[in-house]
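Me: I would like to learn how to read a helical model. Could you walk me through one, feature by feature?

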Amino acid sequence: MIAICKQAVDTYGKTHQIVICAEELAGLIKELSKNVQGLENLPQIAEKVANVEIMLEQIKIIFDLHKAVSNARLSKLRRLQALLDKSE
């Protein structure tokens with residue numbers, strides 16, 4: 001996946017892919033809002049999640065964030081675990 005995403009960034013340009021990422025995030029928000037309002041749209045949500053994951057990979061490539069994101073994710077998960085442990 002990384003190679004394809006790098007090729008997309010190289011082909012379309014960083015600025016364009018950042019804008020597309022924002023659009024894909026907005027699309028996911030829209031589908032989630034529809035679901036909360038009662039629409040059964042799991043296939044659409046799945047498609048938007050896939051789009052967002054692909055675009056987030058491109059963002060990590062553009063800004064060289066793979067290690068920083070991995071570290072931040074681990075930190076956030078540890079914090080979440082601590083909160084969950086307190087609520088038990």
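This is a predicted model: local features need pLDDT of at least 70, side-chain atom pairs count only at pLDDT 80 or more; totals for chains, interfaces and linings use all residues.

Me: Which class does I18 fall into, buried, partly exposed or exposed?

Reply: I18 is also placed in helix α2. With a relative accessible area of 34%, I18 is partly exposed. Setting aside neighbours within four places in sequence, I18 contacts I59, I62 and F63. I18 and I59 are 41 residues apart along the chain, and their C-alpha atoms are separated by 6.9 Å.

Me: Now the helices. How do I describe the way two of them pack?

Reply: The general idea is that two packed helices are described by the angle between their axes and the distance between those axes. Take α2 and α3 here: the angle is about 155° and the axes are 9 Å apart. Angles over 145 degrees count as roughly antiparallel, so α2 is roughly antiparallel to α3. The crossing of α2 past α3 is left-handed.

Me: Which residues of α2 and α3 meet?

Reply: On the α2 side the list includes K14, Q17, I18, C21, L25 and L28. On the α3 side it includes I45, V49, V52, M55, Q58, I59 and I62. By class, the residues of this contact divide into 14 nonpolar, six polar and four charged.

Me: At what angle do α1 and α2 cross?

Reply: Helix α1 covers residues 2–12 and helix α2 covers residues 14–36; their axes cross at roughly 115° and come within 6 Å. From α1 the contact uses A8, V9 and Y12, and from α2 it uses K14, H16 and Q17. Three of the residues in this contact are nonpolar, two are polar and one is charged.

Me: And how do the axes of α3 and α4 cross?

Reply: The axes of α3 and helix α4, residues 66–87, cross at roughly 120° and come within 8 Å. That angle makes α3 oblique to α4. E57, K60 and I61 of α3 meet H66, V69 and R73 of α4. The contact of α3 with α4 has two nonpolar, one polar and three charged residues.

Me: Let me look inside. Which residues make up the largest nonpolar core?

Reply: There are five: V9, C21, M55, I59 and I62. Helix α3, residues 42–62, gives the most to this core, with three residues.

Me: You mentioned Q58. Is Q58 buried or exposed?

Reply: Q58 has a relative accessible area of 3%, and buried means under 20%, so Q58 is buried. Q58 belongs to helix α3. Not counting residues up to four places away in sequence, Q58 touches C5, A8, V9 and Q17.

Me: What about backbone angles? What should I look for in phi?

Reply: D64 is a case to look at: its phi is near 50°, a positive value in a residue other than glycine. D64 lies in the loop between α3 and α4. At 66% relative accessibility, D64 is exposed.

Me: One more kind of reading: pairs of residues. How far apart in space are Q7 and Q81?

Reply: Q7 and Q81 are 37 Å apart, C-alpha to C-alpha, and 74 residues apart in sequence. Q7 lies in helix α1, and with a relative accessible area of 53% Q7 is exposed. For another pair, take K34 and L84, which are 50 residues apart in sequence and 29 Å apart from C-alpha to C-alpha.

Me: Where does K34 lie, and which residues does K34 contact?

Reply: K34 lies in helix α2 and is partly exposed, at 29% relative accessibility. Leaving aside neighbours within four places in sequence, K34 is in contact with L39 and N41.

Methods:
Residues are numbered from 1 along each chain as its sequence is written. Side-chain values use heavy atoms; hydrogens and water are left out. Axes are lines fitted to C-alpha atoms, for helices over the stretch in contact, and angles run from 0 to 180 degrees between N-to-C directions. Helices (H or I, at least four residues) and strands (E, at least two) are DSSP runs, numbered from the N terminus. Contact means heavy atoms within 4.5 Å. Ala, Val, Leu, Ile, Met, Phe, Trp, Tyr, Cys and Pro count as nonpolar, Asp, Glu, Lys and Arg as charged, and the others, Gly among them, as polar. A nonpolar core is a set of buried Ala, Val, Leu, Ile, Met, Phe, Trp, Tyr and Cys residues joined through side-chain atoms within 4.5 Å. Buried means under 20% relative accessible area, exposed over 50%, partly exposed in between (1.4 Å probe, protein chains only). Angles under 35 degrees count as roughly parallel, over 145 as roughly antiparallel, 65 to 115 as roughly perpendicular and the rest as oblique. A crossing is left-handed if the near helix is turned anticlockwise from the far one by less than a right angle, and right-handed if clockwise.
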